[in-house]
Amino acid sequence: MKGLPPVLITAIVLVAGFALCAMQFPNIASTRVLGNLLTDNAFLGIVATGMTFVIISGGIDLSVGSVIGFTTVFVALAIERWGVPPLVAFVAILALSAAFGAAMGVVIHVFDLPPFIVTLAGMFLARGASFLLSTESVPITAPVYSTVSDFALRMPGGGRLTAIAIIMLVIVIGGALLLRLTRFGANVYALGGSRTTASLMGVAVGKMTIKIYMLSSLLAGIAGIVFSFYTSAGYSLSAVGVELDSIAAVVIGGTLLTGGQGSVIGTFLGVLIQGLIQTYINFDGTLSSWWTKIATGVLLFAFIALQQGLVALARRPVVKSAGAAS
Amino acid sequence: MENSSDPASPLLEVRGISKSFGAVRALQEVDFTLRAGEIHALLGENGAGKSTLIKVITGVFPRDAGIVRIGGEEVAPRSAKAALGAGIATVYQEVNLLPNLSVAQNLFLDRQPMRFGIVRESEMRRRAKALLADFSLDVDVAAPLGNYSVAIQHVTAIARAVDLSARVLILDEPTASLDRHEVEILFGIMRQLAQRGIGIVFVSHFLDQVYEISDRITVLRNGRLVGERETVSLPRLDLIRMMLGRELAETTSARASVTEHKAREICASFEGYGKAGYIAPFNLELRHGEVVGLAGLLGSGRTETARLVFGAERADRGQATVEGAPVRLQSPRDGVRHGFGYCPEERKTDGIVAELSVRENIVLALQAKRGLHRPLSRREQDEIARRYIKMLDIRPADPERPVGLLSGGNQQKVLLARWLATSPRLLVLDEPTRGIDVGAHAEIIRLIRELCDEGLALLVISSELDEIVTYSDRVVVLRDRAHVEELAGEAIDVGNILAAIAADGAATAHEGRA
């Protein structure tokens, strides 16, 4: 029921793309590259998982990039300047970002405002707040950071599955199970089908909206912590535009932008495709890294066109008849 | 009626329900009684108050007066969800389920069988399968609901409602998009549910189906209760009279005022004009200075005829001729270009622009006809608005007032003015007197006659037969999406129209929808 065909197409694109890259650069087909790919895109995978819930429910969350930025700055300052133990700082920022998401959900539901506008406001708010905290990059030197950075599982072939890659994989799997197996997940799809109908069928639409945006912001907070591990710094300008990358990953993963259909696994594949393009460009060495964006753009267009085609196919001719006219 | 202790004690009792929207009285002291185990048809033309009554019963609209009792207990649901809690479930024509979810999820949304916080998918599917088996439906419950036909979606919606322990099931036009076979299935299910003691309210405009399935019929007209009858003892002609007719005796006298037939010039004619699956080919001549009335039940093809004539819908056969010259009417623009005007039935959604002023609404069509590069000056606009406000007696006589603040009758006049300003040769009016009060009624009818005397050709749709009889020079009667009879001169009276509508209805019920 959860739109298998688009996911399959995403998987085929990924495999075909990988095969093409491997033909040109055989070294790409190694666990080393795979490990790096997962590590480099860990924060994107986490935030895109949250975005999948939001988009399937028929909404959008533009604030996630800014929440990541704010989180890195907050964590860096808390640990380095305010002397807060790292774990306490993490708990505090996660509570803060969850509350932030819940607040956006409340505004969206209570005032019946478009999520686009509300989360756009949230995006400016969070980004502005991170500048307020600090305009310069704050390096993090706490021992826990080097411990986590050094930690990795050895994969056969010499690849390293880093801690942050593991966090990402756990969250992707958890998200996929949450969406697929729980009542909460079913309600997310229901909301994306039609809010009115869902509410007529007994779904507590308000609570669901709040929870969904809370989840998205919470995951953005986790992504922010992961990002701070990745860069060992907090910077107010980090993760600019990540909300758009994650939306792209979600759409390439076969989730309908209009809601109601999609999967976390598809989103994960979408993240890998973006990572693969980036890896190819790194291997090539002569291409500008901005080609990642161009390739992503082309893929996005292709997938949106594909989805429209599939939707048109699904809309089989329904016999229009008697109806209401006289 | 006063004493509710009759043997088959009523399941649902509605007493003295009234509901107004602004100045429009949508329901006036309506009573309705549903007994356990009966299938009760609720009938009436558009605007009779059927949907308002349903929405009041189910708590979608708050009511102004009256009470609703279920099994003798008074209930006042504030929402569809609350109504469901009280045992009233409604399945609308547009199925209120989620096509993107699986059939099983739709049946059990928000009440899935759970274990350790996880939906027991296989258990849910098993239960869904068992539930649908009760309705002799064997489908893959894991597939998205949207993959299935509307009929199956309807049955799913009914199954969900029944499983939520509904005692009263309201089906609003459930058969409108079903084919004959699917209707049979649905009827089988309805009979089965009735046997279980569930009371079913069946809203439909297919009279054959009403006769086939219902035990009892309640008819509403203009927001009032006309009567409740047992289906077996209500001849079709009497039923149609209940739905359309008024006091039949007095109306024929008004015919005398209609001017004698002269050899009038033909304004527009349509030969073999039609569209497959929309309306059967018809011949129609519209003459200057003549009113042609279109009579028939809801769904008989009246609006379809009007839309074809105006060009709002494209004909796929036949020839249209205007003033002797063959023309093609492909779009409303073509209609306007040939001097046609069209006041649609849904004034609020298709006609007036409520936020704009009376003046702006009046000049709208004229400006559109002239094109953007030849704007009407403000002085011309004021002049035009003033002229028509005076001519049609639009009140209040303030050209700058937003149209949404005017009464229904005056909104209708503004619409008329809009088209009159384009100096049309043919005006199509779809239910011009719908939803406006009695005083304004008479005025609109007077206007129709006046316009006609000035040489305009008019094509008027109305469900009020006595009204059609009053102003029409000829009346075309429609049934099952075809023109079946044309009455002229002395032959125009309510009795003849009713007879034409009721004639052998049983045979042709589904032909128009092939």
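The model is predicted.

**Chain A**

Chain A holds 14 helices and four strands. It has 326 residues, and 50% of them are buried. Take the contacts in chain A between residues at least 6 apart in sequence: 79% of these join residues at least 24 apart.

**Where the chains touch**

Chain A brings 26 residues to the contact, and chain B brings 32 residues. On the side of chain A, two or more residues come from each of helix H9 (183–193) and helix H10 (195–200). H9(A) gives the most, with six residues. By type, this side of chain A splits into 14 nonpolar residues, 11 polar and one charged.

**The sheet in chain B**

Strands of a sheet pair through backbone hydrogen bonds, either parallel or antiparallel. In chain B, four strands form an open sheet in the order S2-S1-S4-S5, and the pairing is antiparallel. S2(B) and S5(B) are at the edges with a single partner strand each, so one side of each has no neighbour in the sheet. On average, neighbouring strands are turned by 25 degrees against each other, direction ignored.

These are the elements of chain B around the sheet:

| Element | Residues |
|---|---|
| Strand S1(B) | 10–21 |
| Strand S2(B) | 24–35 |
| Strand S4(B) | 65–70 |
| Strand S5(B) | 73–75 |
| Helix H1(B) | 50–57 |

S1(B) and S2(B) run antiparallel, joined by eight bridges. Which residue of S2(B) is the bridge partner of Ile17(B)? That partner is Val30(B). Helix H1(B) lies across S1, S2 and S4 of chain B, and runs at about 65 degrees to S2(B).

Conventions. Residues are numbered from 1 along each chain as its sequence is written. Chains are lettered from A and ligands numbered from 1 in the order in which they are written. This is a predicted model: local features need pLDDT of at least 70, side-chain atom pairs count only at pLDDT 80 or more; totals for chains, interfaces and linings use all residues. A residue is buried if 20 or more other C-beta atoms lie within 10 Å of its own, exposed if 12 or fewer, and partly exposed in between; C-beta atoms are placed from the backbone. Two residues are in contact if their C-beta atoms, placed from the backbone, lie within 7 Å. Ala, Val, Leu, Ile, Met, Phe, Trp, Tyr, Cys and Pro count as nonpolar, Asp, Glu, Lys and Arg as charged, and the others, Gly among them, as polar. Two strands pair if DSSP finds at least two bridges between them. Axes are lines fitted to C-alpha atoms, for helices over the stretch in contact, and angles run from 0 to 180 degrees between N-to-C directions.
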